[in-house]
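Visitor: I would like to learn how to read a model like this one, beginning with a single element and moving out to the whole chain.

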Amino acid sequence: MLTEERHQLIRTRLAAEGKVLAGELASRFGVSEDTVRRDLREMAKAGQLRRVYGGAVPSAPFAAATIGQRSGHAVEAKMRLAKTAVGVLAAKQTLFIDGGTTNEAIARAIPRDIELTVATNSLGVAQALCDHPMVELIMLGGRYVRDLGTCVGGETLAAVAQLGADLFFLGSCGLDISRGVTAFDSAEAEVKRAMAANSAGIVIAVTDDKLATAAPYRVAAPDAIRHLVVERTAPAAILADFERQGAEIHFA
């Protein structure tokens with residue numbers, strides 16, 4: 001079997017099943033695991049997949065997209081996710097909400113009659129909540145990165161360290177049962193990890209295209225997710241994996 005034939009079959013398998021295992025591929029192709037691992041390395045270098053222990057998963061979408069470019073993607077789905085996500089809120093909670101277009105939709109969906117404290121490093125989230133009559137808004141400052149729409153760096157991390165949250169609405173670039181929650185930018189991932197460490201629970205609202213995908217930088221393990229908000233078309237097998245790790249699934 002030619003190299004490109006193997007690569008095409010790997011792409012097909014990833015699209016159908018959301019992951020591939022090196023051992024299974026080696027048996028199917030009649031080649032060594034070293035050959036399969038070389039295939040996976042080449043495909044990862046080309047951005048076609050993300051390697052994980054024992055195999056690979058699809059690369060998370062929008063690797064090079066700015067927050068402005070992502071703002072027009074799946075708008076209606078994100079609105080549905082947002083309306084469902086705010087259903088987990090309770091009055092007088094303190095929240096971290098970091099960046100991302102889905103999290104901006106969540107901020108806009110917060111009911112006007114609920115009292116909350118919200119700390120965010122996202123300009124878009126802050127703009128959505130700046131006139132909310134019952135939200136105490138805390139801006140987590142630092143170096144603003146225009147493409148991300150968020151503040152990152154030492155000042156942001158220092159501000160996060162001063163707070164503790166009941167829930168963290170975490171914007172996920174990729175979500176996979178083997179790698180957990182992942183992000184594309186190392187500085188943004190560092191802020192996300194700090195927020196996760198200072199929160200009692202994590203809430204993730206995610207469109208189908210981010211499930212069973214991975215970005216380069218790890219943020220949180222799968223068992224850290226308390227609430228996972230998904231579309232009704234989300235694959236049942238993937239959701240079952242997260243349920244076994246303790247996540248409560250909410251369908252938008």
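Visitor: What covers the buried residues of helix 2?

Guide: This is a predicted model, in which local features need pLDDT of at least 70 and side-chain atom pairs count only at pLDDT 80 or more, while totals for chains, interfaces and linings use all residues. Residues are numbered from 1 along each chain as its sequence is written, and side-chain values use heavy atoms, with hydrogens and water left out. Cover is read from contacts (heavy atoms within 4.5 Å), and for helix 2 it includes helix 1 (3–17), strand 1 (20–21), helix 3 (33–45) and strand 3 (55–57).

Visitor: Which residues of helix 2 are buried?

Guide: Buried means under 20% relative accessible area with a 1.4 Å probe, protein chains only; in helix 2, residues 22–29, these are A22, L25, A26 and F29. Seen down the helix axis, they fall within an arc of 100° (taken from the directions from the axis to the C-beta atoms), so they line one face of helix 2. Just after helix 2, G30 takes a positive phi of about 70°.

Visitor: How many helices and strands does the chain have?

Guide: Counting DSSP runs (H or I of at least four residues for helices, E of at least two for strands), the chain has 10 helices and 15 strands. Its radius of gyration, taken over C-alpha atoms, is 19 Å, close to the 18 Å from the globule rule (2.2 Å times the number of residues to the power 0.38) for 252 residues, so the chain is as compact as a globular protein of that length. Of the 252 residues, 51% count as buried.

Notes:
Buried < 20%, exposed > 50% of the residue type's maximum accessible area, 1.4 Å probe, protein only.
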